[in-house]
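Have the structure open as you read.

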Amino acid sequence: MSSVEEISKIVASVQAEPKVIAKVMPSLIDKVNPAGKDAASCDLAVAALAAITDLAKTCGMASEAYLITNLYPVLLAASHKQNKIRDAAVAATNAVCSEMSPNAIESVLPHLFKAAEVGQGWQTRALALNVISTFSDHGPEQLGYCLPQVVPAVTLSMSEPKKDVSAAAYKAMTNACNVIGNRDIEHMTDKIVRSISNPEEVPEIMHALAGVTFVQSVESPALAMVVPLLIRGLRSKVTATRRQSSV
């Protein structure tokens with residue numbers, strides 16, 4: 001595929017013969033994030049990203065596995081210097097992650113975590129974190145069981161100086177923790193999330209948590225949110241806070 005016209009025919013080809021996706025995907029991914037700034041390369045990149053968007057929306061069953069496997073390069077394209085490539089990458093990423101099965105959340109999260117790492121372009125990091133926040137609606141149960149991986153990965157971006165990234169991380173963490181499904185502590189979610197970037201609030205939250213009577217079973221989603229708080233409490237210089245954490 002060396003022209004925009006050829007790329008535009010990909011969706012029709014996959015609809016006619018789903019097996020074609022295995023052959024065309026590598027060529028598409030090669031074009032999404034061009035190193036050059038020439039108009040031809042940029043047009044090919046935008047066309048490739050548009051094709052990925054259309055594949056996600058119209059050929060989900062045939063293309064989902066291939067799109068998820070190749071999501072990371074698409075995320076990187078969100079930090080490209082050309083505005084139209086960035087916009088197309090955002091659209092493609094959102095299409096893939098909104099149209100995929102909720103059961104694919106566990107498979108796509110590693111790509112999002114990698115894209116959100118320190119050192120990536122801030123647009124890519126913010127996009128990855130914003131996508132994670134949408135999973136609270138798209139697949140709350142599936143996201144809940146992934147919280148042990150989500151919490152530490154998102155925490156790293158919550159103190160980021162770039163406000164676009166830290167705000168996206170805060171939203172992702174809040175939305176993720178809202179799916180814990182434990183009525184005993186769900187009213188404390190906002191305070192617990194805030195304590196991640198405001199350690200001085202840990203003693204007060206530990207005092208409140210010590211007064212909670214747990215009726216429901218505490219499963220992994222709730223533990224993923226509470227355990228980091230307990231660890232901070234155990235490291236506190238305040239004796240009362242360490243005592244409450246240990247109890």
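## Charges over rings

The charged end of Lys 162 sits over the ring of Trp 122, 4.6 Å from its centre. Lys 114 likewise lies over the face of Tyr 72, at 4.4 Å from the ring centre. A charge sits over a ring here if NZ of Lys or CZ of Arg is within 6 Å of the ring centre and within 35 degrees of the ring normal.

This is a predicted model, in which local features need pLDDT of at least 70 and side-chain atom pairs count only at pLDDT 80 or more, while totals for chains, interfaces and linings use all residues. Residues are numbered from 1 along each chain as its sequence is written, and side-chain values use heavy atoms, with hydrogens and water left out.

## H4 against H5

Take helix H4 (residues 39-58) and helix H5 (residues 60-69): they pack at an angle of about 130°, with axes 7 Å apart. Helices are DSSP runs (H or I, at least four residues), numbered from the N terminus. Axes are lines fitted to C-alpha atoms over the stretch in contact, and angles run from 0 to 180 degrees between N-to-C directions. H4 and H5 are therefore oblique to each other; angles under 35 degrees count as roughly parallel, over 145 as roughly antiparallel, 65 to 115 as roughly perpendicular and the rest as oblique.

Which residues meet here? From H4 come Ile 52, Leu 55, Ala 56 and Thr 58, and from H5 Gly 60, Ser 63 and Leu 67, with contact meaning heavy atoms within 4.5 Å. This contact of H4 with H5 has 4 nonpolar, 3 polar and no charged residues. Ala, Val, Leu, Ile, Met, Phe, Trp, Tyr, Cys and Pro count as nonpolar, Asp, Glu, Lys and Arg as charged, and the others, Gly among them, as polar.

## H12 and its partners

The axes of helix H11 (residues 147-155) and H12 come within 10 Å and cross at roughly 160°. That makes H11 roughly antiparallel to H12. The contact of H11 with H12 has 8 nonpolar residues, 1 polar and no charged.

H12 (residues 163-177) also packs with helix H13 (residues 189-197), at an angle of about 145° and with axes 10 Å apart. Tyr 170, Met 173, Thr 174 and Cys 177 in H12 meet H13 residues including Asp 190 and Arg 194. The contact of H12 with H13 holds 5 nonpolar, 2 polar and 2 charged residues.

Note on methods: Helix = DSSP H or I, 4+ residues; strand = E, 2+ residues; numbered from the N terminus.
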